[in-house]
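Here's a quick look at a few local details worth checking on screen. Have the sequence and the 3D view side by side as you read.

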Amino acid sequence: MDARVDADRFHRGRRRTRGVDWYARALVAALIAAVLPLPHALRAQVVVQAGAATAAPLPPVPALVPFATGERLEYDVKFGFLHVGSGAMEVAGVDSVRGHPAWHTVFQVRGGTLFYKVNDRLESWIDIHSLVSLRHWQELSEGRRERERRFEIMPERGVVLEEGKPEAPTVSAPLDDGAFLYFVRTIPLEVGQTYEFDRYFRPDRNPVTIRVLRRERIRVPAGEFDAIVLQPIIKTKGIFSEGGRAEIWLSDDSNRIMLQMKSKLPFGSLNLYLTSYQRGAAPAVAPERGAPSSPP
């Protein structure tokens with residue numbers, strides 16, 4: 001594997017809330033749900049791009065996106081009215097993955113209660129030309145439960161390789177959990193429409209459904225914003241299941257930043273609110289680096 005790893009970057013201590021993989025599943029699934037196809041493949045009420053990948057030349061220039069290196073969004077995490085932690089999404093840089101320049105994004109949540117601690121980290125490497133996933137790392141720690149998974153995603157071959165396991169098939173234009181957090185910002189969303197996508201990198205979890213519910217103006221700690229409200233639905237248990245009632249607010253502008261998320265669960269509500277937003281700047285491509293064969 002070939003990406004830089006800081007020795008202290010992976011924290012332990014995650015939280016599990018009865019049948020719900022608390023945050024990495026909550027929020028990434030959140031934007032698994034807020035998802036996308038590439039803009040040219042977007043169509044209302046249509047499932048797109050299923051099956052194995054076929055090789056295709058990359059565009060000569062990076063795709064236009066509303067984010068850049070250095071962008072950072074910070075969140076307050078609450079369970080009901082109780083403050084339980086904080087979260088952050090950032091574009092850490094542009095790295096080289098198997099010779100391809102890729103956005104390196106990081107999503108992390110820390111917190112918990114007196115008896116239950118959470119420390120989750122999701123990292124994604126997204127091809128800057130085709131906007132498909134090339135690599136995905138998960139470091140999930142919830143109470144006594146810890147899980148670490150590393151995926152090499154190879155769209156040109158139509159396969160995904162999880163560390164320690166044999167190759168498995170993937171879809172033609174794969175997106176991982178963390179990548180969905182950024183790709184949802186690149187597509188048009190029309191109120192009243194329902195979108196379905198066969199884009200999740202693990203084929204058995206498709207399709208992903210997004211319902212665009214309404215527009216409204218909201219206030220969060222970071223300020224007051226016009227927002228577009230989505231309901232994500234995926235084939236999984238918990239917050240974003242078909243019976244779930246989760247909603248996500250994106251800024252109704254060209255930036256499409258996530259302003260808040262609210263989810264109603266049988267035992268309470270899990271909510272996330274934007275506290276600060278820092279814009280990024282155009283990056284240089286970092287050289288390819290060797291990575292250890294096992295996590296530090």
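The side chains of R121 and E123 pair up in a salt bridge, with N and O 3.0 Å apart (a side-chain nitrogen of Lys or Arg within 4 Å of a carboxyl oxygen of Asp or Glu). R121 and E123 are both buried (under 20% relative accessible area; exposed is over 50%, partly exposed in between, with a 1.4 Å probe and protein chains only). This is a predicted model, where local features need pLDDT of at least 70, side-chain atom pairs count only at pLDDT 80 or more, and totals for chains, interfaces and linings use all residues. Residues are numbered from 1 along each chain as its sequence is written, and side-chain values use heavy atoms, leaving out hydrogens and water.

Across the whole structure, a search turns up 16 salt bridges. Here are three of them:

| Pair | Closest N to O |
|---|---|
| E152 and R135 | 2.4 Å |
| R217 and E224 | 2.9 Å |

Strands here are DSSP runs of E, at least two residues, numbered from the N terminus. Both E152 and R135 are buried.

R217, by contrast, is partly exposed at 47%, and E224 is too, at 38%. Shared partners tie R217, R219, E224 and D226 into one salt-bridge network.

Now for the backbone. N206 and P207 are joined by a cis peptide bond, omega about 0°, and P207 lies in the loop between strands 11 (194–197) and 12 (208–220).

Notes:
Helices (H or I, at least four residues) and strands (E, at least two) are DSSP runs, numbered from the N terminus.
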